[in-house]
Amino acid sequence: MNLNHYLHLKAQRKIDEKAPRERCFTCKLPFTICYCRLVKPFTAPALFVILIHRNESRRSVATGRMAHLCIKNSRLFEGTNFTHHEGVNEILANPKFHPVVLYPGQGSVDVTEGINSPALIDPTKQLVVFLIDGTWSHARRIWRLSRNLHRLGQVRFTPTTPSRFKVRRQPRSYCYSTIEAIHFMIDRLPAANLESRPHQNLIEVFDFLVARQVRYAQDFGPTRGFRAVRGLRSGC
Ligand SMILES: [Zn+2]
């Protein structure tokens with residue numbers, strides 16, 4: 001990039017920062033990086049319930065929200081303490097559901113090779129997977145405060161490929177964002193449609209946004225407030 005081009009981009013960035021950018025009502029991003037047209041909503045073979053920390057929800061790349069827009073039968077709840085959260089407790093009380101939480105810990109079941117253990121798959125019930133979307137400190141806080149989650153079975157996995165999140169360095173390259181974690185888990189569900197793979201849309205949408213952010217960072221430097229959203233798994 002020559003100096004004139006750099007100065008032009010710098011000036012443009014100042015204008016962009018000052019101008020109130022119109023945002024998409026659905027994904028809450030500026031229209032220049034709105035990914036809604038790429039979303040092909042599908043029904044997942046499990047009910048994914050994403051518990052998003054308030055701060056995470058405000059970030060430009062909230063992959064929990066992105067996953068929620070892609071998965072028709074997912075739920076997204078915002079908060080910090082879900083102990084008395086009506087939506088969460090309704091799911092926990094429903095006898096048709098078998099809820100587990102993706103959170104590493106003593107006694108958590110490793111689902112890296114597949115979600116097929118009788119402790120997880122009950123043919124008479126719908127599997128529900130709770131995920132906590134936030135930084136590790138947010139996640140620990142949500143976990144500590146949300147006592148209703150403590151009685152659930154815990155699952156964990158070890159990512160088999162590096163994260164596709166290329167803009168910011170993850171604490172370890174194998175730490176997944178929430179949307180990658182959901183994609184990984186669907187791939188391991190016995191009822192997943194592995195022929196047409198509708199859940200691949202999660203990665204398509206995620207890749208689009210990461211590519212946009214990479215290009216922006218190359219032109220202007222790292223975006224303020226843009227950071228990796230980590231999913232939860234052992235070792236991250
Ligand atoms: Zn949008």
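This is a predicted model: local features need pLDDT of at least 70, side-chain atom pairs count only at pLDDT 80 or more; totals for chains, interfaces and linings use all residues.
Buried means under 20% relative accessible area, exposed means over 50%, and partly exposed lies in between (1.4 Å probe, protein chains only). Residues are numbered from 1 along each chain as its sequence is written, and side-chain values use heavy atoms, with hydrogens and water left out.

**The overall picture**

- The chain has seven helices and six strands, where helices (H or I, at least four residues) and strands (E, at least two) are DSSP runs numbered from the N terminus.
- Of the 236 residues in the chain, 49% are buried.
- Contact means heavy atoms within 4.5 Å; among contacts between residues at least 6 apart in sequence, 78% join residues at least 24 apart.

**The zinc site**

- Which residues hold the zinc ion? The ion is coordinated by the SG atoms of C24, C27, C34 and C36, at 2.3 to 2.4 Å.
- Donors here are N, O and S atoms within 2.8 Å of the metal (3.2 Å for Na, K and Ca); water is not among the atoms, so sites may look incomplete.
- The angles among the four donor atoms are 105 to 114 degrees, and the site is tetrahedral.
- Four donors count as tetrahedral if all angles lie between 85 and 135 degrees; four count as square planar and six as octahedral if opposite donors are over 155 degrees apart and all others between 65 and 115, and anything else is irregular.
- For background, the ideal angle for four tetrahedral donors is 109.5 degrees.
- Along the sequence, the donor residues are spaced C-x2-C-x6-C-x1-C.
- C24 and C36 both lie in the loop between α1 (3-18) and β1, so this pair ties together parts that are twelve residues apart in sequence.
- C24 is buried, with a relative accessible area of 8%, whereas C36 is partly exposed at 24%.

**Nonpolar cores**

- A nonpolar core is a set of buried Ala, Val, Leu, Ile, Met, Phe, Trp, Tyr and Cys residues joined through side-chain atoms within 4.5 Å.
- The largest nonpolar core has 43 residues, and those touching the most other members are Y35, F48, I71, I182, M185, I186 and L202.
- The elements giving two or more residues to this core are β1, α3 (63-70), β3, β5 (126-133), α6 (178-187) and α7 (200-220).
- Beyond its neighbours within four places in sequence, F48 has contacts that include I71, V129, L131, I182, M185 and I186.
- A second, separate core of 20 residues includes V88, I132, W143 and L149.
- In soluble globular proteins, nonpolar side chains tend to be buried together.

- L51 lies in strand β1 (residues 47-52), and at 0% relative accessibility L51 counts as buried.
- L51 and F82 are 31 residues apart along the chain, with their C-alpha atoms separated by 8.4 Å.
- Five of the six residues of β3 are buried, so β3 is largely enclosed by the rest of the structure.
- Two strands pair if DSSP finds at least two bridges between them; β3 and β5 run parallel and are joined by five bridges, with F97 partnered by Q126 in β5.
- Three bridges join β3 to strand β6 (residues 153-156), also in parallel, and Q154 in β6 is the bridge partner of V101.

**Residues in loops**

- T112 is found in the loop between β4 and β5, and at 11% relative accessibility T112 is buried.
- The side chain of T112 makes a polar contact with the side chain of D110 (2.5 Å).
- A polar contact is a pair of N or O atoms within 3.5 Å; within protein, one must be able to donate a hydrogen and the other to accept it, and residues adjacent in sequence count only if both atoms are side-chain atoms.
- Most residues other than glycine have a negative phi.
- K28, in the loop between α1 and β1, has a positive phi of about 65 degrees although K28 is not a glycine.
- R197, in the loop between α6 and α7, has a positive phi near 45 degrees.
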